[in-house]
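Have a look at the structure first, then try each task before reading on.

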Amino acid sequence: MVLTEQPNDICILRLSAIGDVCHAVSAVQAIQAHYPKANITWVIGKVEAMLLADIPGVEFVIFDKKQGKKAYSALREQFARRSFDVLLHMQVALRANIAAKCIPAKVKVGFDWHRAKEGHYLFTNKRIKAQKEAHVLEGFRAFAQAIGVPYYEPKWHIPTTTDDQYVANKLLAGRDNIFVISPAASKAERNWLAERYALIADYAHQRGFEVVITGGPTEMELQLAQKIIDSVNCSVLNLVGKTSLKQLLCVLDKAKLVLAPDTGPAHMAVTVNTPVIGLYAHSNPARTGPYLYQDYVVEVYHQHLVQQRRKNAEELPWGTRVKGANLMADISVDAVKTMFDHVCNEHNL
């Protein structure tokens, strides 16, 4: 569908996760550029708001999933005397679907039939155009196009403060030629092996890079970082658990290159145009990889897909995942070194 009337009040519903809301930012800012007088409200998760909530011209309404049923009551109360021209319902999770019911809108645009999982179609009355083999970002772009925004190349502007930049500079302590390893995904099975990260850290150090490890304060991330540090032969700056999301964005902006699995910071790096080497085994990088740097992915997804399903990606539903606790172990150090050299040569690093 394409909305025929210009919307004045637009609501975006995308609660999580960090990588996905980074993809969504490009759509929201394209909408802003095309409809500069429209009021835009974004219903977003509490953690994700820490990264995005000061984007100019957008009213953010925080949905805190930890509040359970109270979160939905708060959403109903927030919108009790409001009505939107259109809701762009950009998330198929059941939690988001229930949240959509709390948002009054004349038109509720959701995903096409193929992607409308978990009853998503029950909470919308219009759908975006079906897409073949689309990246997540391209799916969000289809929402912008559904309300009349012309095709656009993605751009991002996620503000940071001078304080954020000061903290990042202080933590980096004058380091230059920075190589960031953001080693942890949300699930441990998507992480590469600590000793292999360490070998790449040593390799980058030999190439003249200063190595920085980043991540959040969870026990899994802290332990993984420590295992990497225990295995390296070079000096490494450990920033795991020491930055806010905004400060991390500043660190990624100052980096020359990032190495990461399928995790939010990989997509944050894309928003500041820092090249990313992505490590993928469980999901198709053509769908979820670092959008501007999909050619830099080192992956074993396709070989595991054939091994498990006896079919290739073109013969299966788009986005089919593969399962296994040790799939990332099939990504070799040599393959990552080869990609590292390729990226360095291509960007004159």
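**Exercise 1.** Work out how helix 1 (residues 18–34) and helix 10 (residues 264–271) are arranged: at what angle do their axes cross, and which residues meet?

*Solution.* Keep in mind that this is a predicted model. Start with the axes: those of helix 1 and helix 10 come within 7 Å and cross at roughly 25°. Angles under 35 degrees count as roughly parallel, and the two helices are therefore roughly parallel to each other. The crossing of helix 1 past helix 10 is left-handed. Next, look at the contact itself: helix 1 contributes Ile18, Gly19, Cys22 and His23, while helix 10 contributes Gly264, His267, Met268 and Thr271. Sorted by class, this contact has 3 nonpolar, 5 polar and no charged residues.

**Exercise 2.** Now take helix 1 by itself: how many of its residues are buried, and what span does it reach from its first C-alpha to its last?

*Solution.* Helix 1 is mostly covered, with 14 of its 17 residues buried. From first to last C-alpha it reaches 25 Å, close to the 24 Å expected at 1.5 Å a residue.

**Exercise 3.** Describe how helix 7 (residues 194–206) passes helix 8 (residues 219–231).

*Solution.* Again, begin with the axes, which come within 8 Å and cross at roughly 55°. That makes helix 7 oblique to helix 8. The crossing is right-handed. Helix 7 makes the contact through Ala194, Glu195, Tyr197, Ala198 and Asp202, and helix 8 through Leu224, Lys227, Ile228 and Ser231. By class, there are 5 nonpolar, 1 polar and 3 charged residues.

**Exercise 4.** Against which elements do the buried residues of helix 7 pack?

*Solution.* The buried residues of helix 7 include Arg196, Ile200 and Tyr203. As a group, the buried residues pack against strands 7, 8, 10 and 11, as well as helix 8 and helix 13. To finish, follow the chain onward: after helix 7 comes glycine 208, with a positive phi near 100°.

Technical notes:
Residues numbered from 1 in each chain as written. Predicted model: local features only at pLDDT ≥ 70, side-chain atom pairs only at ≥ 80, totals over all residues. Heavy atoms only, no water. Axes fitted to C-alpha atoms, helices over the stretch in contact; angles between N-to-C directions. Helix = DSSP H or I, 4+ residues; strand = E, 2+ residues; numbered from the N terminus. Parallel < 35°, antiparallel > 145°, perpendicular 65-115°, else oblique. Left-handed = near helix turned anticlockwise from the far one by under 90°. Contact = heavy atoms within 4.5 Å. Nonpolar A, V, L, I, M, F, W, Y, C, P; charged D, E, K, R; others polar. Expected span 1.5 Å × (residues − 1). Buried < 20%, exposed > 50% of the residue type's maximum accessible area, 1.4 Å probe, protein only.
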